[in-house]
Amino acid sequence: MLLLVIVLPIIVLAISISFENSKFEEWIVEMKSEELIPVKITTPVEHKIYETNGYGIHYYVSGQEHEEAIIFLHPAFSDHQAFDLQVDYFSKSYKVISLDMIGHGKSKAGKSKDKIDASADHIKEIMELEGIESAHLVAVSMGTLIAQYFALQHPDMIKSVTALGGYNINESNKEVEKAQRNSNLSLMARAILSMKSFRQKTAKMTCESERGQALFYLSSGDYERKSFMVMQGFQNIIKDRPQAEISYPLLIMVGEKDIDLALKMSNDWHKAVAISQFEVIKSAGHCANMDQPKEFNFIVADFISQETINN
């Protein structure tokens, strides 16, 4: 009887998840038939691999004729495809690099013990391989934490940082850490039963629009259960550093429809950094670059161009 009490809810949940997955997959197929996804990129993009410590970091380069560079850093569970709606737009004026960070997309960690904090080294090496002395970093969610961590280590390689859906890694963020722990436990429980269900749930959590959700879902297609181990590296990234100073131009952005905590943390970060610019993207969720790409692209392009003129 006890076994039935334990097993029955799991069976019911598994059936429910299977039904959800089936409906979501049908919806994805419908959006593909309407040519809303995937995004058709017209700019030539070169796929490259940086080999290190027994694994490869996959990255993608376009707009190579330009000297000024932008590096896009994706959210957790996603990959470089998170910026498919930005590639054509920014490649007209900048050299554009997007990458699959370790444990994401095609950048499998393999048997290496490297964690997500190694991304700072990967960015530096890729920049040197591409002959880039300094770049604008444009990051979303997890990417904003990596961008700040990289800037701490290599401030001379930063032209500016754009952070969408992030918070200051150099302050105590117990409220954020608690919320993330609760969210991650729920997501990992889904991942144990079904990775499709996990991807579907994260897509709905991160994007407000249907197209945004579909794009995020596609961009998380290569994320695996074992990739959760890579995320342990965040303990090296998020620390209370009262002496840390932000000297680079900083654009802080947040989606209007993001959770209240994200809106609060973004606003608090802006208030703490006098030189920062703050923008709220209307009718957009956590990954506003997918929900409202035109507004996102315009705001970022204007910010970067002003910083280029000032420098």
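At roughly what angle do the axes of helix α3 and helix α4 cross? In this predicted model, the axes of α3 (residues 119–129) and α4 (residues 142–153) come within 9 Å and cross at roughly 70 degrees. Because angles of 65 to 115 degrees count as roughly perpendicular, α3 and α4 are assigned to that class. Their crossing is right-handed. On the α3 side, the contact is formed by S119, A120, D121, I123, K124 and M127, which meet I146, Y149, F150 and Q153 of α4. By class, this contact comprises six nonpolar, two polar and two charged residues.

The largest nonpolar core of the model contains 58 residues, and I71, L73, I116 and I237 are those with the most contacts inside it. Helix α4 gives the most to this core, contributing seven residues. In soluble globular proteins, nonpolar side chains tend to be buried together. When residues up to four places away in sequence are not counted, I237 touches I116, D117, L145, I146, Y149 and I169. Among these partners of I237 are I146 and Y149, which also take part in the contact of α4 with α3.

Residue E25 is located in helix α1 (residues 2–33). With a relative accessibility of 26%, E25 counts as partly exposed. Neighbours within four places in sequence aside, E25 is in contact with K196 and Y217. E25 and Q200 are separated by 175 residues in sequence, while their C-alpha atoms lie 9.3 Å apart in space.

Definitions and conventions. Residues numbered from 1 in each chain as written. Predicted model: local features only at pLDDT ≥ 70, side-chain atom pairs only at ≥ 80, totals over all residues. Heavy atoms only, no water. Axes fitted to C-alpha atoms, helices over the stretch in contact; angles between N-to-C directions. Helix = DSSP H or I, 4+ residues; strand = E, 2+ residues; numbered from the N terminus. Parallel < 35°, antiparallel > 145°, perpendicular 65-115°, else oblique. Left-handed = near helix turned anticlockwise from the far one by under 90°. Contact = heavy atoms within 4.5 Å. Nonpolar A, V, L, I, M, F, W, Y, C, P; charged D, E, K, R; others polar. Core = buried A, V, L, I, M, F, W, Y, C linked by side-chain atoms within 4.5 Å. Buried < 20%, exposed > 50% of the residue type's maximum accessible area, 1.4 Å probe, protein only.
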